[in-house]
Amino acid sequence: MLVKLLGLIDILSAVMVALLIFGVKSSLILILACYLIVKGVIFFSYASILDMIAALIIFYAYLNPVHWVVLGLLTVWLLQKGIVSVVLT
């Protein structure tokens, strides 16, 4: 149950990053970036380190322009992780 919930939040994070590509900024993206950092600290693994790096990129992208390819890769990473968490558990 917890894995599915975390997966759904990852999918929401991916959607918000995708919106960030088009310039739609919301304070929800900052909350989700904080969630990724907290989750990365609690469940420390290779994927969690990538989550924390993703959160840092999200913080940076919220304040400064970032190339759409970087944000696109970040969106794909979060989306595939979320889908795998929801479907395979």
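Me: What makes the 17 residues of the largest nonpolar core a core?
Reply: In this predicted model, the 17 residues form one set, and those with the most contacts inside it are V17, I29, L36, I58, L71, L74 and L78. A nonpolar core needs buried residues of types such as Val, Leu and Ile, joined through side-chain atoms within 4.5 Å. Two or more residues come from each of α1 (2-21), α2 (27-42), α3 and α4 (68-87). In general, nonpolar side chains tend to be buried together in soluble globular proteins.

Me: What does L78 touch, leaving aside residues up to four places away in sequence?
Reply: L78 touches D10, S13, A14, V17, L36, D51 and I58. Contact means heavy atoms within 4.5 Å. V17, L36 and I58 are also among the core residues with the most contacts.

Me: What makes the pairing of the D51 and K81 side chains a polar contact?
Reply: The two side chains come to 2.9 Å. A polar contact needs N or O atoms within 3.5 Å, one able to donate a hydrogen and the other to accept it. The pair therefore counts as a polar contact. Beyond four places in sequence, D51 touches L36, K39, W77, L78 and K81.

Me: Which residues of α3 are buried?
Reply: They are S48, D51, M52, A54, A55, I58 and A61. What covers them includes α1, α2 and α4. An α-helix has 3.6 residues a turn, so residues three or four places apart point the same way.

Me: How do you know how the reach of α3 compares with the expected value?
Reply: α3 has 18 residues, and its first and last C-alpha are 27 Å apart. The expected span takes 1.5 Å times one less than the number of residues.

Me: What is the reach of α1, and what is expected?
Reply: α1 has 20 residues and reaches 29 Å, close to the expected 28 Å. Its buried residues are L6, G7, D10, S13, A14, M16, V17 and L20, and their cover includes α2, α3 and α4. After α1 comes G23, with a positive phi near 90°.

Me: How do you know how compact the protein is for its 89 residues?
Reply: The protein has four helices and zero strands, in the order α-α-α-α. Its radius of gyration is 12 Å, and the globule rule gives 12 Å for 89 residues, so the protein is as compact as a globular protein of that length. The C-alpha atoms fill a box of roughly 35 × 25 × 20 Å along the principal axes.

Me: What share of the 89 residues counts as buried?
Reply: The share is 33%.

How values were computed: Residues numbered from 1 in each chain as written. Predicted model: local features only at pLDDT ≥ 70, side-chain atom pairs only at ≥ 80, totals over all residues. Heavy atoms only, no water. Buried < 20%, exposed > 50% of the residue type's maximum accessible area, 1.4 Å probe, protein only. Rg over C-alpha atoms; globule rule 2.2 N^0.38 Å.
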